[in-house]
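Open the model in your viewer and keep the selection tool at hand. This tour moves from one selection to the next.

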Amino acid sequence: MQGIWITERIRDAEQRLLAVTPEGALMYRAAFGLAVHAAEMLKEHAGRVAGRRVALLVGAGNNGGDALWAGAFLRRRGVGVTALLLAADRAHPAGLAALRRAGGRVLPAEDGASVLEQADLVIDGIVGISASGPLRPGAANLLEHISAPVLAVDLPSGVDPDTGTVDGPAITAARTVTFGARKPVHVLNPARCGDVDLVDIGLSGELGEPDLLRLDTADAAGAWPVPGPEDDKYTQGVVGIAAGSAAFPGAAVLAAGAAVRATSGMVRYAGPAADVVRDHWPEVVATGSVFDAGRVQAWVVGPGIGTGREGREVLEHALAQGVPVCADADAITIIANSPEVLDAREPGTPLLLTPHAGEFERLTGRPPGSDRVSAARAAAARFDAVLLLKGHCTVVADAGGRVLVNPARGSWPATAGSGDVLSGMTGALLAARLDPWLAGGVAAYVHSLAAERAARGVPVPASGILDAIPEAVRTIRALGQG
Ligand SMILES: NC(=O)C1=CN([C@@H]2O[C@H](COP(=O)(O)OP(=O)(O)OC[C@H]3O[C@@H](n4cnc5c(N)ncnc54)[C@H](OP(=O)(O)O)[C@@H]3O)[C@@H](O)[C@H]2O)[C@@H](O)CC1
Ligand SMILES: [K+]
């Protein structure tokens with residue numbers, strides 16, 4: 001798993017490391033790594049390194065210092081480097097001296113329009129982990145003059161380091177080079193960061209446990225249930241799907257289908273869309289009601305069940321079975337309207353809630369806001385549940401404060417029925433007895449991979465995402481073993 005640390009923790013770790021490191025050594029390491037990546041970008045975008053032009057946007061802090069030192073390294077490789085100082089009297093003194101020694105040009109930022117327009121690469125050292133708020137006017141005024149690719153130092157300036165939110169002018173980077181550890185912005189706002197490269201500056205020993213985790217392919221592959229020689233359809237876990245209605249059977253077909261695609265165990269369906277589900281998925285054991293559905297190891301309840309009395313009874317029944325429940329869509333609205341339904345929950349039974357932003361607001365009384373991680377954590381604690389907050393970056397928090405994040409691979413999955421596919425897959429993983437927190441994270445991972453595979457640059461319907469689940473699982477298993 002990839003660890004991600006909030007800036008307060010990074011700053012503390014840096015202080016401890018600084019205390020035992022010769023002065024300037026950390027910045028030297030950081031800037032050297034930055035210069036290597038800058039040279040790669042010049043080769044990639046401008047054909048070669050020597051003779052190309054780089055503009056440095058230099059703020060008042062150490063982020064600007066990194067940019068200045070990197071500029072000095074690039075000068076040694078024959079690059080024409082101009083530093084544009086946003087706060088001339090506060091630019092990092094050693095970095096500035098190093099750049100000047102190396103023959104770099106230095107200008108006040110307000111004179112930098114033509115330098116930016118002629119640059120082959122722009123290095124954004126405006127602000128790093130000590131940023132607050134959007135870019136200030138001095139920096140913001142420069143944005144319109146940037147046409148070259150931007151390499152962000154540590155993070156794209158103007159984007160909040162801990163929440164990834166953008167409230168005004170901000171940099172959009174083609175690539176971000178970060179130091180010591182990944183920060184939340186890198187996973188919460190990947191569109192602004194571009195590709196993120198991590199440069200080791202020796203911080204790992206000081207960091208402690210990460211604040212957020214991101215699954216990689218090997219994690220998803222390792223967690224994905226694989227039947228053994230002794231397994232049969234029951235031992236792998238039976239998942240029950242309570243979804244859809246006679247008038248709107250689509251959610252039932254999608255959720256049940258996703259479960260079928262995600263497990264080699266058994267899938268039961270219970271509800272008024274039994275005939276339609278059976279027609280689509282002959283392998284599903286379908287009955288008309290949850291009350292005669294038989295035993296399952298996990299329930300998915302909610303997509304398309306409606307928010308009236310019947311839906312409420314279905315949810316209460318599932319919650320009382322003593323098995324994990326994934327409550328999605330209408331089930332979340334039912335809980336929001338009548339929180340007392342949760343009294344039916346067997347104590348200690350895992351509950352996974354999968355709201356999008358609107359459902360989250362209904363459930364908790366307030367929108368997730370800019371700090372989606374904290375919002376998801378608080379809601380998970382409040383409901384003693386795993387809370388999977390859908391969005392461009394899916395956040396999965398548990399009641400103990402653990403958080404998994406899964407940045408989407410594009411926006412195509414934001415389509416009708418996509419959530420039904422996610423909940424069906426989540427149910428299959430819960431039935432296979434995965435830790436519910438991990439089940440949510442793995443389902444989100446495979447869902448986004450399936451969506452990417454299915455879309456390949458064009459719109460994809462939810463049924464297309466569903467059909468791509470086997471390919472996505474095959475992909476993670478192949479990569480995870482390799
Ligand atoms: N510590 C280490 O060992 C290492 C640190 N490293 C590097 O240091 C970076 C952190 O450096 P840092 O703490 O000096 O602050 P930094 O992020 O450069 O910004 C501070 C200045 O920005 C300003 N400012 C704030 N918000 C703003 C906005 N919205 N728009 C515009 N300006 C804004 C604010 O101005 P003020 O409010 O003071 O006027 C303040 O002066 C870190 O990200 C990494 O790159 C690496 O070299 C590895 C070793
Ligand atoms: K920056």
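This is a predicted model: local features need pLDDT of at least 70, side-chain atom pairs count only at pLDDT 80 or more; totals for chains, interfaces and linings use all residues.

Begin at the boundary between the domains: 6 residues of domain 1 are in contact with 6 residues of domain 2. On the domain 1 side, select helix H7, residues 184–188. H7 gives the most to this side, with 3 residues. Now colour the domain 1 side by residue class: 4 residues are nonpolar, 2 are polar and none is charged.

Colour the domains next. Select 2–210 for domain 1 and 217–481 for domain 2. Their centres, taken over C-alpha atoms, are separated by 40 Å.

**The whole chain**

Zoom out. Show the cartoon, and you have 20 helices and 18 strands in view. The radius of gyration is 26 Å, close to the 23 Å that the globule rule gives for 482 residues, so the chain is as compact as a globular protein of that length. Along the principal axes, the C-alpha atoms fill a box of roughly 80 × 40 × 40 Å.

How much of the chain is buried? Of its 482 residues, 56% count as buried. Contacts reach across the sequence as well. Take those between residues at least 6 apart: 71% of them join residues at least 24 apart.

**Residues 10–209**

Select 10–209. An unreviewed UniProt entry annotates this stretch as "domain: YjeF N-terminal". Over these residues the chain is 40% helix and 18% strand.

**The annotated binding site**

Move on to Lys390, Gly391, His392, Cys393, Thr394 and Gly419, which UniProt lists under "binding site" in an unreviewed entry. These residues span 30 residues in sequence, yet no two of their C-alpha atoms are more than 14.0 Å apart, so they gather at one spot.

Centre on Lys390. Where does Lys390 sit? It is in the loop between strand S16 (386–389) and strand S17 (393–397). Is Lys390 buried or exposed? It has 24 C-beta neighbours inside 10 Å; the cut-off for buried is 20 or more, so Lys390 counts as buried. Leaving aside neighbours within four places in sequence, Lys390 is in contact with Thr354, Pro355, His356 and Gly419.

Show what Gly419 touches beyond four places in sequence: Pro303, Asp328, Ala329, Thr354, His356 and Lys390. Thr354 and His356 are on the contact list of Lys390 and on that of Gly419.

**Helix H17**

At 1.5 Å a residue, its 14 residues should span 20 Å. The end C-alpha atoms are 20 Å apart, which agrees. Now look at the surroundings of the helix. In H17, 14 of the 14 residues are buried, so the helix is largely enclosed by the rest of the structure. After H17 comes Arg433, whose phi is positive, near 70°.

**Helix H18**

Last stop: select 436–455, helix H18. This helix has 20 residues. From first C-alpha to last, H18 reaches 28 Å, close to the 28 Å expected at 1.5 Å a residue. How many of its residues are buried? The count is 19 of the 20, so H18 is largely enclosed by the rest of the structure. Finish on Arg456, which follows H18 and has a positive phi, near 35°.

Technical notes. Residues are numbered from 1 along each chain as its sequence is written. Chains are lettered from A and ligands numbered from 1 in the order in which they are written. Helices (H or I, at least four residues) and strands (E, at least two) are DSSP runs, numbered from the N terminus. The expected span of a helix is 1.5 Å times one less than its number of residues. A residue is buried if 20 or more other C-beta atoms lie within 10 Å of its own, exposed if 12 or fewer, and partly exposed in between; C-beta atoms are placed from the backbone. UniProt positions are given in the numbering used here, feature names are shortened, and annotations may be inferred rather than shown by experiment. Two residues are in contact if their C-beta atoms, placed from the backbone, lie within 7 Å. Domain bounds come from an automatic or database domain assignment. Ala, Val, Leu, Ile, Met, Phe, Trp, Tyr, Cys and Pro count as nonpolar, Asp, Glu, Lys and Arg as charged, and the others, Gly among them, as polar. The radius of gyration is taken over C-alpha atoms; the globule rule is 2.2 Å times the number of residues to the power 0.38.
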